[in-house]
Amino acid sequence: LSLHSSSWQATITATALQKMSTPNLYDQACSRLQKLFTALLCTQRSSWEQGCTAQALLEAFQSSLEWMDPDMYLTHLYCLANDAVVRQGEDGRFATVLNGDGSSDQGAVDPACIGETFFNLLGLQGDAGRELFQEDVPRFEAGAESMLKYILECCPRASVSPDNSSPDDVLLSHRTDCTQIWSDTIYMLPPFLASAAVYYTYHPHSFFDPAVLLSMSLRQITL
């Protein structure tokens, strides 16, 4: 599955470039995407693979790649997000309950990488024909809030200030079983925090401050 996920996401990027430069290769790339996509959807996946799959689909939708009907992108994104909520752990981490209680998935920030998909789907409210069913809105909002609260309150972290005096100078751990700082976190976490900042700017929430979320997103990259 890791190979499927990585290959499919790489092909998304290549296809977008080929559409602009070499139309004949674009058709070939679309055919390859379809083959990879079928294999990808037929495999069980861990939280990070669920998120990477959704992110690749989201980027394809935003890039207007024409190998799939735009509404089908949204259908698949909804299904991936819905499954992440159904398999959300008690601690708030998305898509961790695959077998057992979720403790076997030791990713701390990996589950957050599907978060941007949630906020994009929630942001479609008012877009007739594309908006979520009304009963799904509170489920998706609650799921995203739980994931965000886990990141803000429970995720292991390491101070990077010389004297440990600044609560803002922290890097979030990539794992739950120990405190480890991985470069992968830059992909897995900041997009979720940034998209949350945008969403809560237009949908104010008493607990989440958009400015704090955006600053935290940037600091996970710059620190």
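From the N terminus on, the elements of the protein chain run α-α-α-α-α-α-β-β-α-α-α. Colour by secondary structure to follow the nine helices and two strands; helices (H or I, at least four residues) and strands (E, at least two) are DSSP runs, numbered from the N terminus. This is a predicted model, in which local features need pLDDT of at least 70 and side-chain atom pairs count only at pLDDT 80 or more, while totals for chains, interfaces and linings use all residues. Residues are numbered from 1 along each chain as its sequence is written, and side-chain values use heavy atoms, with hydrogens and water left out.

**Whole chain**

Show the surface. The accessible area of the protein chain is about 10900 Å², and 55% of that belongs to carbon and sulfur atoms (Shrake-Rupley method, 1.4 Å probe). Of the 223 residues, 44% are buried (under 20% relative accessible area, protein chains only). Among contacts with a separation of 6 or more, 64% join residues 24 or more positions apart (contact: heavy atoms within 4.5 Å).

**Helices α5 and α8**

Select residues 115-122 for α5 and residues 190-202 for α8; their axes come within 8 Å and cross at roughly 20°. Axes are lines fitted to C-alpha atoms, for helices over the stretch in contact, and angles run from 0 to 180 degrees between N-to-C directions. That angle makes α5 roughly parallel to α8 (under 35 degrees). The crossing is left-handed (the near helix is turned anticlockwise from the far one by less than a right angle). Show side chains for G115, E116, F119 and L122 of α5, and for P191, F192, S195, A196, Y199 and Y200 of α8, which make the contact. By class, the contact has seven nonpolar, two polar and one charged residues (nonpolar: Ala, Val, Leu, Ile, Met, Phe, Trp, Tyr, Cys and Pro; charged: Asp, Glu, Lys and Arg; polar: the others, Gly among them).

**Helices α3 and α5**

A54, Q55, L58 and Q62 of α3 meet E116, T117 and N120 of α5. The contact residues divide into two nonpolar, four polar and one charged.

**A95**

Finally, go to A95, in the loop between α4 (70-86) and α5. Most residues other than glycine have a negative phi. Phi of A95 is near 60°, a positive value. A95 is buried, with a relative accessible area of 2%.

Key:
Parallel < 35°, antiparallel > 145°, perpendicular 65-115°, else oblique. Buried < 20%, exposed > 50% of the residue type's maximum accessible area, 1.4 Å probe, protein only.
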